[in-house]
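Here is a short note for a colleague who is opening this entry for the first time. Please keep the sequence and the model in view while reading the points.

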Amino acid sequence: MMVEHNQSLQSYNSFGILARAQILVRVRSEDDLRRALSDLSLQALPKFVLGGGSNLVLTGDLKACVLKMESLGRALVAEDDRAYYVQAEAGENWHDFVAWTVEQGWPGLENLAMIPGTVGATPVQNIGAYGVELQDRFHELDAIHLETGESFTLNAAQCAFGYRDSVFKHGPLSHWGELKRGSEELSNKGQKAEPAFMGLAGQSVITRVRFRLPKKWVPVLDYQDLQRRVKELGVNHPSARDVFDWVCEIRREKLPDPKVIGNVGSFFKNPTVSEEQCKDIIAREPSLVHYALHDGNYKLAAGWLIDACGWKGKSVGQAAVYEKQALVLVNKGGRESPCTGGEVMTLARAIQTSVYERFGIRLEPEPLVL
Ligand code: EPU
């Protein structure tokens, strides 16, 4: 176990914001983790689990023991008639893992290529892109409880995945935790039951994730830019490698590479509105980008809403709205004079206010703000 004091976090958050961790422990194995959790000198400090730092806004130094997940390893752990079961340790780089599965001939994750960050962080926000969400390929994960040190395994239902959401984003006593109370338990017993499953935010460390990749592979090509490639290139039966390459190209065209321009991907979630609200906005703004959902509601493109309010290229200090995609906030100061977390949040709040004033919609930030 490597323990570092007053460690700079600039290289460990994809915005490149300057901030320090009081203690940083590099976790390369479960042993490291258990040692850190039982170390008396670290016990007084709150623990914070850090993956690739690609969904994080640091607004100050962390007076915490940062557990930086660096455990490596990936393997095919099982196979049956229908699927391959592939496992990766939490510290593995997500994109490299995806590329490896495609190379091995275990397709299914190709639409999620090039998403920055580590494998262990992917279930937390149920990453998704180009028609696939992590939950579609997820099998189960192993985790360790930060307080008790106990190991446990969760399946997809227990992770309570939603759009950019999971059990790991909600506190144990949150309203959401209450809502998740087993409804059958309530109706069966006719009395208040204990929560069937509670939120786990800040409670646990994901140590490894297993994916179920069906052998009967069907490419997911619903996203417009993918369809365009199929047509333009005349590839009627693309391979997983083709889809992987196209997704990489699309992301390079649309999104800034965090190694070059600091960012955390989409800064806000795409909001959901009722049909009535959607129609009301379209009456005023006919070009509104919207998608029908199965439940009768509509998802709106937050990038379009922000763009319509004229935010592209605008900045607060060194924090700016990306010129090519208004949903992405960037650090335009690079490593030398980076934006601060305060600048990012001031910009984000100004965007929220203007979108609310024009459309009556409250945009919800996607990254964790510390
Ligand atoms: N749009 C604009 N102006 C902009 C940005 C977007 O008009 O400045 C319009 C586009 O023309 C398009 C629509 O908004 O019609 C949607 O844009 P895009 O296809 O780029 O996707 P998105 O909704 O902005 C979501 C995810 C991305 C994911 C893509 C592709 C969220 C919050 N974001 O973005 O995920 O890569 O779809 O599936 O759901 C991330 O989470 O960090 C991320 C990048």
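This is a predicted model: local features need pLDDT of at least 70, side-chain atom pairs count only at pLDDT 80 or more; totals for chains, interfaces and linings use all residues.

1. Helix 6, which covers residues 224-233, packs against helix 7, which covers residues 240-254, at an angle of about 120°, and their axes lie 10 Å apart. Angles over 145 degrees would count as roughly antiparallel and 65 to 115 as roughly perpendicular, and helix 6 and helix 7 are therefore oblique to each other. The crossing of helix 6 past helix 7 is right-handed.

2. On the helix 6 side of this contact are D225, L226, R229, V230 and L233, and they meet W246, V247, E249, I250, E253 and K254 of helix 7. Sorted by class, the contact of helix 6 with helix 7 contains six nonpolar and five charged residues, with no polar ones.

3. Helix 7 also packs with helix 2 (residues 94-104), where the two axes come within 9 Å and cross at roughly 155°. Since angles over 145 degrees count as roughly antiparallel, helix 2 and helix 7 are described that way, and helix 2 passes helix 7 in a left-handed crossing.

4. In this second contact, H95, V98, A99, V102 and E103 from helix 2 meet A240, R241, F244 and C248 from helix 7. The residues of the contact of helix 2 with helix 7 comprise six nonpolar, one polar and two charged.

5. Turning to the ligand, 24 residues surround it, and the closest are Y130, Y163, Y223, Q325 and A326. A polar backbone atom of Y130 is 2.7 Å from an oxygen atom of the ligand, while a polar side-chain atom of R164 lies 2.8 Å from an oxygen atom of the ligand. For D307, an N or O atom in the side chain is 2.8 Å from a nitrogen atom of the ligand.

How values were computed. Residues are numbered from 1 along each chain as its sequence is written. Side-chain values use heavy atoms; hydrogens and water are left out. Axes are lines fitted to C-alpha atoms, for helices over the stretch in contact, and angles run from 0 to 180 degrees between N-to-C directions. Helices (H or I, at least four residues) and strands (E, at least two) are DSSP runs, numbered from the N terminus. Angles under 35 degrees count as roughly parallel, over 145 as roughly antiparallel, 65 to 115 as roughly perpendicular and the rest as oblique. A crossing is left-handed if the near helix is turned anticlockwise from the far one by less than a right angle, and right-handed if clockwise. Contact means heavy atoms within 4.5 Å. Ala, Val, Leu, Ile, Met, Phe, Trp, Tyr, Cys and Pro count as nonpolar, Asp, Glu, Lys and Arg as charged, and the others, Gly among them, as polar. A residue is near a molecule or strand if one of its heavy atoms lies within 4 Å of it. A polar contact is a pair of N or O atoms within 3.5 Å; within protein, one must be able to donate a hydrogen and the other to accept it, and residues adjacent in sequence count only if both atoms are side-chain atoms.
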